[in-house]
Amino acid sequence: MGKGQPAFGSGRRSGRTPPRPIPRPGLLSRLDAAEGLVLLIAGPGAGKSTLLDAWAATHTGVVIDLAEDGPREWEPVAGPLAIDGVTPADAPALSRLSSRRAVVAAATSDPGIAPATRITARDLAFAEDETYQVLSGALADAESADEIAPDLHLLTHGWPSLVALAGAWLAQYPATERRDRLRGLARMDEPLLDYLLPAVLAALPATDRDLLRRLTQLPPVDARLADRLDITEDLAAVPPFVQPLARRPGWYTIPDAWRPALARELPLPADEIAALLSAYRSAM
């Protein structure tokens, strides 16, 4: 198996190079080559938002996240445009951009716009070497990753969020135990996410769990905002949950794929959520 650039580091507050998503040059090239609108269509955890972020960073493009920004007029936006969180209700406005180059939109279901280039879950799934890259970064152990990446790839079908979560889980164990742990995981009846997420969260320091509890409720933040909101004085990535934004150096976010599950596992009372969002708006 080829040895690519590792994707995620496993040490939180450890001084390692901050984790970052793996490069996906093939997919980025497909976005660039499209003659008109490109639709990324896949369920949560497929890496749509991460790919949008990387593409926008490459082209100094504008990113509109409909979950955060709400409806906007897209046509006046000049230059490369990435739109996240598209729903079928957005189809009429988005269809007016169907012939424009350098417009990429992400949706969990097909909004029914034609013509458009479609990139689906099958395209977004990791190749085996990409699974290796994520695992190598999570374990900080290229040899161990090389041994078990093929099995992990088969187990997860290369689904990006599951690969990253399983990597964080396997990093909790010594190298000598990882293959057996992975085999046990393959024999489980419950969905992988339902088992792995609580296990990974339980192993995190309490300060990281509290950070996740609060960041799950917020748009992206930087160190200044995190300090002003009294969330943390040491904002850093917490793989695979808190990730750096390629298009905004120094800013971090929790991808939408993780938010519902994290909100369920790490609930925050409604009054604290309201106070946190109010403080965020005042600080911006």
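Let's start with a pair of helices: α7 passes α8 in a right-handed crossing. Helix α7 covers residues 142–156, and its axis lies 10 Å from that of α8, at an angle of about 135 degrees. The two helices, α7 and α8, are therefore oblique to each other. On the α7 side, the contact is made by I148, L152 and T156, while α8 contributes L162, V163, A166 and L170. Sorted by class, the residues where α7 meets α8 are six nonpolar and one polar, with no charged residues. Please keep in mind that this is a predicted model.

The crossing of α6 and α8 is right-handed.

Which residues bring α6 and α8 together? From α6 they are T131, V134, L135, A138 and L139, and from α8 they are V163, A164, G167, A168 and L170. This contact between α6 and α8 counts eight nonpolar residues and two polar ones, and no charged residues. If you follow V163 in the structure, you will find that V163 meets α6 and also takes part in the contact with α7.

Now for the strands. Five of them form an open sheet with parallel pairing, in the order β2-β3-β4-β1-β5. The edges are taken by β2 (62–65) and β5 (117–120); each has a single partner strand, so one side of each is left without a neighbour in the sheet. On average, neighbouring strands are turned by 15 degrees against each other, direction ignored.

Helix α1 (residues 25–33) packs on this sheet, where α1 touches β1, β4 (103–107) and β5. The direction of α1 makes about 160 degrees with that of β5.

## How the strands pair

Strand β1 (residues 38–41) is joined to β5 by four bridges, in the parallel sense. Along this pair, L39 stands opposite R118 in β5, and the bridge partner of I41 in β5 is T120. Strand β1 also pairs with β4, again in the parallel sense and over four bridges. Here V38 stands opposite V104 in β4.

Moving on to β3 (residues 81–86), this strand runs parallel to β4, and four bridges join the two. V86 has A107 of β4 as its bridge partner.

## Covered strands

In a regular strand the side chains alternate between the two faces of the sheet. What does that look like in β4? V103, A105 and A107 point one way, V104 and A106 point the other way, and all are buried. Strand β4 is mostly covered, with five of its five residues buried.

Conventions
Residues are numbered from 1 along each chain as its sequence is written. This is a predicted model: local features need pLDDT of at least 70, side-chain atom pairs count only at pLDDT 80 or more; totals for chains, interfaces and linings use all residues. Side-chain values use heavy atoms; hydrogens and water are left out. Two strands pair if DSSP finds at least two bridges between them. Axes are lines fitted to C-alpha atoms, for helices over the stretch in contact, and angles run from 0 to 180 degrees between N-to-C directions. Contact means heavy atoms within 4.5 Å. Buried means under 20% relative accessible area, exposed over 50%, partly exposed in between (1.4 Å probe, protein chains only). A crossing is left-handed if the near helix is turned anticlockwise from the far one by less than a right angle, and right-handed if clockwise. Ala, Val, Leu, Ile, Met, Phe, Trp, Tyr, Cys and Pro count as nonpolar, Asp, Glu, Lys and Arg as charged, and the others, Gly among them, as polar. Angles under 35 degrees count as roughly parallel, over 145 as roughly antiparallel, 65 to 115 as roughly perpendicular and the rest as oblique.
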